[in-house]
Amino acid sequence: MSGHDFSQISPVFFLQTFILELMHASEQEGGDYCESLIERIAKSAGLYFEQTYRDEYQRQGELGNEEYIDLILALKNHIGGNFSLASVEAGTITVVNSRCPFGDGVTNFPELCRMTSSVFGGIAARNFGYAKVEIRQSIAKQNGGCEVCIHTRRDSAVDKPGLEYRREDQPEEKQEMAALHSRIEERMRNVWWSLPKQHAAKPAPAIIAKSPAMQKVLQQVEVIAPTKATVLINGETGVGKELIARAIHAMSDRGHKPFVAINCGAIPESLIESALFGHEKGAFTGAIEVHQGFFERAEGGTLFLDEVDALSPAAQTRLLRVIQEGEMERVGGKHTLHVDVRIVSASNRSLEQHVEQGSFRQDLFYRLNVVRLWIPPLAQRPEDLPHLVQLILKRLNEKYGKNVQSVNREVMGQIRAYAWPGNVRELENTLERSVLFCKGSELTRLELDQKPLVTTGNDWNAHKQNLLSDAEQVYLKQAMQSHRGDVKQVAAAMGLTSRAVYGKLKKYGINAGQFR
């Protein structure tokens with residue numbers, strides 16, 4: 001309550017505080033509790049608000065567009081919002097907002113936007129038969145304002161993002177997603193526990209996919225896993241590309257065969273061919289016996305090539321032959337070996353740029369890029385954060401014999417506000433460092449990595465340039481996300497030409513197609 005005049009506490013402020021604290025308490029329960037609580041509250045409240053509106057204005061039958069708009073705007077504005085109608089088009093109603101009814105605290109709980117979505121969508125579905133709510137911008141995600149589109153026609157909403165609602169309000173899609181998630185994790189656990197005993201000390205892999213972006217990835221995994229197609233996974237460092245590769249392997253008919261992961265960037269260029277394809281005795285100095293490479297070890301299964309862009313030209317040529325012909329030769333060998341391996345590759349940079357620069361073979365790129373998956377950075381998955389925190393805390397407790405069950409509201413606020421440039425891996429390292437120094441059952445301090453400020457005059461210009469570049473890159477990614485990859489709109493927002501924006505995208509290795 002610090003910072004507020006107790007005598008000025010209003011019913012609205014009381015309810016804001018109550019809801020925010022309720023969200024924090026439910027967040028500590030982990031699992032689906034917070035999400036299901038929001039949906040239950042929104043479903044019941046939306047029905048009550050609609051009936052109250054009908055009783056006051058004597059409305060019978062289905063509400064029309066004008067009545068629906070009047071209801072949702074009045075509802076939000078009565079509880080402290082500043083909503084207004086932006087546009088009405090065929091099958092789409094767009095409203096904007098400059099003040100959140102939940103106050104500034106909503107930035108700690110972007111899940112509360114789901115409450116608005118469920119209220120708006122539930123009322124629309126009861127009256128129009130169908131609704132999809134697309135939250136293009138939100139104060140919770142620090143966009144400066146909210147822009148919400150309610151699509152009431154299924155045919156025109158097919159390609160639009162958002163949550164769907166139907167008149168019967170049957171949660172088939174949610175149940176299907178939960179079932180898919182369970183199937184994938186069960187298959188991954190089965191594969192993991194079938195590994196040699198030395199893996200027993202490590203926790204089985206688990207995927208957190210509460211955000212729409214990660215749920216889309218799981219749906220793609222289900223479709224492509226049973227096929228023989230090569231897969232290229234793109235995503236920033238630390239987003240979990242190997243985890244998704246393991247999911248693809250587990251959901252395929254190769255799940256009972258080996259899964260071999262190799263970081264191509266961690267192997268010296270002089271050794272990469274031997275590591276991948278093996279070598280014969282006497283192939284080079286030090287080759288005192290026959291060595292089986294990763295391809296032979298992954299026979300019948302899946303080979304995951306992380307940082308595939310780091311492969312040498314010679315290794316790229318050999319890899320192309322394996323993909324095209326299904327055969328290879330060990331280094332120094334004269335006999336052709338037939339191999340049956342599915343290749344899943346990954347890169348945290350755009351392979352197209354490497355092709356343009358001549359450092360990566362174009363024909364190999366096309367072979368690897370049969371199916372492409374993009375794993376969104378953690379900054380675009382705020383719904384996953386509390387669930388990731390709970391999972392990581394559980395693993396750290398087992399690892400260090402601790403009993404840290406939750407984080408307090410201030411720490412969760414820090415976690416949500418931080419950009420996490422290192423993604424899930426940085427979150428894991430930060431929580432591990434923080435848990436080590438935690439003495440109670442609740443984490444009250446977050447040991448974030450803070451870059452030291454450069455104070456020497458000789459380095460100031462370089463430091464300033466780095467800060468500006470970092471800020472520009474973050475803004476550019478946010479703008480691309482907000483405008484769904486439309487470079488022209490991003491250029492207009494930044495006051496630049498489209499050509500200049502394309503130049504910056506190339507400079508930072510950002511692929512516009514990832515945001516469409």
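Q: Within which limits of relative accessible area does a residue of this predicted model count as partly exposed?
A: Buried means under 20% relative accessible area and exposed means over 50%. Partly exposed is the class in between, so its limits are 20% and 50%.

Q: How confident is the predictor in the protein chain, given as mean pLDDT?
A: Of the residues in the chain, 84% reach a pLDDT of 70 or more. Over residues 452-457, however, pLDDT stays under 50, and for this stretch the model has four contacts beyond four places in sequence. For the protein chain the mean pLDDT is 82.

Q: How many helices and strands are there in the protein chain, and what share of its residues count as buried?
A: The secondary structure of the chain comprises 18 helices and 14 strands. Its accessible surface comes to about 26900 Å², with 51% of that belonging to carbon and sulfur atoms. Of the 516 residues, the share that count as buried is 45%.

Q: What percentage of the contacts with a separation of 6 or more is made by residues 24 or more positions apart?
A: The contacts considered here are those in the protein chain whose separation is 6 or more. Residues 24 or more positions apart account for a share of these contacts that comes to 67%.

Q: In what order do the five strands of the open sheet stand, and which strands are at its edges?
A: The pairing in this sheet is antiparallel, and the order of the strands is E1-E2-E4-E3-E5. Each edge strand has a single partner strand, so one side of each is left without a neighbour in the sheet. From one strand to the next the twist averages 20 degrees. The strands at the edges are E1 (83-89) and E5 (163-166).

Q: How many bridges join E1 to E2, and which residue of E2 stands opposite Val-88?
A: Strand E2 covers residues 92-97 and runs antiparallel to E1, to which it is joined by six bridges. Opposite Val-88 stands a residue of E2, namely Ile-93.

Q: Which strands does helix H3 touch, and which does helix H4 touch?
A: Helix H3 (residues 65-78) packs on the sheet with its direction at about 160 degrees to that of E1, and the strands that H3 touches are E1, E2 and E4 (146-151). Helix H4 (residues 112-128) also packs on the sheet, its direction making about 150 degrees with that of E3. The strands touched by H4 are E1, E2, E3 (130-137), E4 and E5.

Q: How far apart in sequence are the parts tied together by Glu-222 and Arg-183?
A: The closest N and O atoms of Glu-222 and Arg-183 are 2.6 Å apart, and the pair forms a salt bridge. Glu-222 is partly exposed at 33%, and Arg-183 counts as partly exposed at 37%. Because Glu-222 lies in helix H6 (residues 212-224) and Arg-183 in helix H5 (residues 172-193), the pair ties together parts whose separation in sequence is 39 residues.

Q: Which residue forms a salt bridge with Asp-340, and is that partner buried or exposed?
A: The salt bridge of Asp-340 is with Arg-254, the closest N and O atoms being 2.8 Å apart. Asp-340 lies in the loop between strand E10 (337-338) and strand E11 (342-347), whereas Arg-254 lies in the loop between helix H7 (241-250) and strand E7 (259-263), 86 residues apart. Asp-340 is partly exposed, with a relative accessible area of 37%.

Q: How many of the ten residues of H7 are buried?
A: Helix H7 is mostly covered, and its buried residues include Lys-241, Ile-244 and His-249. The number of buried residues among the ten is seven.

Conventions. Residues numbered from 1 in each chain as written. Predicted model: local features only at pLDDT ≥ 70, side-chain atom pairs only at ≥ 80, totals over all residues. Heavy atoms only, no water. Pairing = 2+ DSSP bridges. Helix = DSSP H or I, 4+ residues; strand = E, 2+ residues; numbered from the N terminus. Axes fitted to C-alpha atoms, helices over the stretch in contact; angles between N-to-C directions. Contact = heavy atoms within 4.5 Å. Salt bridge = Lys/Arg side-chain N within 4 Å of Asp/Glu carboxyl O. Buried < 20%, exposed > 50% of the residue type's maximum accessible area, 1.4 Å probe, protein only. pLDDT = per-residue confidence, 0-100. Areas by Shrake-Rupley, 256 points an atom, 1.4 Å probe, with all protein chains shown as cover.
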